[in-house]
Amino acid sequence: MTQETIAFIGGGNMATSLVAGLIADGQDPQGLTVSDPDPTKLEGLARRFGVRTTRDNTEAARGAGLLVLCVKPQVASRVCRELSLSLGQPKPLFVSVIAGIREESIQQWLGESLPLVRAMPNTPAMIQSGAIVLHATPQTSEYQRDQAETVLRAGGLTLWVECEEQMDAVTALSGSGPAYFFLLMEILEQAGIDLGLDPEHARLLTIQTALGAARMAMEVDDSPQELRERVTSPGGTTEHALNILNSGGIRSLVTKAVSAAHERSKELSRLLARE
Ligand SMILES: NC(=O)c1ccc[n+]([C@@H]2O[C@H](COP(=O)([O-])OP(=O)(O)OC[C@H]3O[C@@H](n4cnc5c(N)ncnc54)[C@H](OP(=O)(O)O)[C@@H]3O)[C@@H](O)[C@H]2O)c1
């Protein structure tokens, strides 16, 4: 656990998930401060977790060793400029989970090239099952990288990329990825219902199958391709289904979809950089 005081700027979904994960990992709640304009949200966080709260971002930032930016992209420039006016010495480590905002923009809004870790989580971080990709600016020390990773690990699995541009690919794969799987689950559930299954059973079987497949892929050494081949007996039901998916162009369709998300991520990053 990090000994530094951690301030979360923005007390919405992502901050709440990270706070929940940190506290479950044994972090002292009094070492965590959350700032947000909404007093009701703050009261809820204080009651649920025992963390310190404030409506004033600069007060939250005062004395914090680590500042986690958890606001929406649209208010990021305003919040960073506000924080830049109140930074004491030593300067804190900034961690941004804000989707689409480049490190260069954050440093520009803060007024200097401070140590900064950019993170791209995904929605399952809400239940500490996220995939969270991290990138650090050159000003960030090994110790600070470890500190940032400790905080983000509260949301799930973490891994580092060496090149910030890869964040757009990460956004297209794991950032938007939960929705791809939800769509497939929706389709499978409906197919089960159409075949006469009880709707509740169709949903449960779909979810458990997705979970079981994901756990197998994570826990055994074989690749997803090897796992698929092993459950596909020649002439069997799975082979018949996969033949339909392949002849319908599932591979090129999914590749095109992920590529479209990648292009959109780059485009949004460019637009947000102009703020
Ligand atoms: N949720 C995800 O799965 C996910 C995944 C990847 C990345 N992210 C990124 O994480 C960031 C936070 O997402 P989220 O889902 O937690 O959003 P959220 O629930 O809307 O939380 C943002 C919080 O910031 C508050 N806020 C607004 N203006 C503020 C200000 N000037 N100072 C301090 N706080 C302010 C908002 O209050 P109001 O509601 O009153 O405006 C809200 O409580 C976003 O940038 C998003 O791109 C989220």
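In the predicted model, R145 is placed over the face of W160, at 4.2 Å from the ring centre. R145 also takes part in a network of salt bridges, in which it is linked with E142 and E162. Pairing between aromatic rings, by contrast, is absent, the number of aromatic pairs in the structure being zero.

Salt bridges number ten in the structure. One of them joins the side chains of R118 and E164, with an N to O distance of 2.7 Å. R118 belongs to strand β6 (residues 116-120), whereas E164 is found in the loop between β8 (156-160) and α7 (166-175), so this pair ties together parts that lie 46 residues apart in sequence. Both partners, R118 and E164, are buried.

A further salt bridge is formed by R215 and E219, whose closest N and O atoms are 3.0 Å apart. Here the two residues belong to one helix, α9 (residues 199-219), and are separated by four residues, about one turn of the helix. E219 is exposed, because its relative accessible area of 55% is above the cut-off of 50%.

R153 and E149 make another salt bridge, with 4.0 Å between the closest N and O atoms. The two partners fall into separate classes of accessibility. E149 has a relative accessible area of 16% and is buried, since the limit for this class is under 20%. R153, with a relative accessible area of 45%, is partly exposed, because this value falls between the limits of 20% and 50%.

The secondary structure of the protein chain consists of twelve helices and eight strands. Strand β4 (residues 66-69) is covered on both faces. L66 and V68 are buried on one side of this strand, and L67 and L69 are buried on the other. β4 is joined to strand β1 (residues 6-9) by four bridges, and these two strands run parallel. In this pairing, I6 stands opposite L66 of β4. Strand β5 (residues 93-96) is likewise parallel to β4 and is connected to it by four bridges. Between β4 and β5 the chain passes through helix α4 (residues 73-84), giving a β-α-β crossover that is right-handed.

For the protein chain as a whole, 42% of the 275 residues count as buried. Contacts between residues at least 6 apart in sequence join residues at least 24 apart in 62% of cases. Taken along the principal axes, the box filled by the C-alpha atoms of the chain is roughly 70 × 40 × 35 Å.

Notes: Residues are numbered from 1 along each chain as its sequence is written. This is a predicted model: local features need pLDDT of at least 70, side-chain atom pairs count only at pLDDT 80 or more; totals for chains, interfaces and linings use all residues. Side-chain values use heavy atoms; hydrogens and water are left out. Buried means under 20% relative accessible area, exposed over 50%, partly exposed in between (1.4 Å probe, protein chains only). Rings of Phe, Tyr and Trp (its six-membered ring) pair if their centres lie within 6.5 Å; planes under 30 degrees apart count as stacked, over 60 as edge-to-face and the rest as tilted. A charge sits over a ring if NZ of Lys or CZ of Arg is within 6 Å of the ring centre and within 35 degrees of the ring normal. Two strands pair if DSSP finds at least two bridges between them. A crossover is right-handed if, with the strands pointing away from the viewer, the path from the first strand over the helix to the second runs clockwise. Contact means heavy atoms within 4.5 Å.
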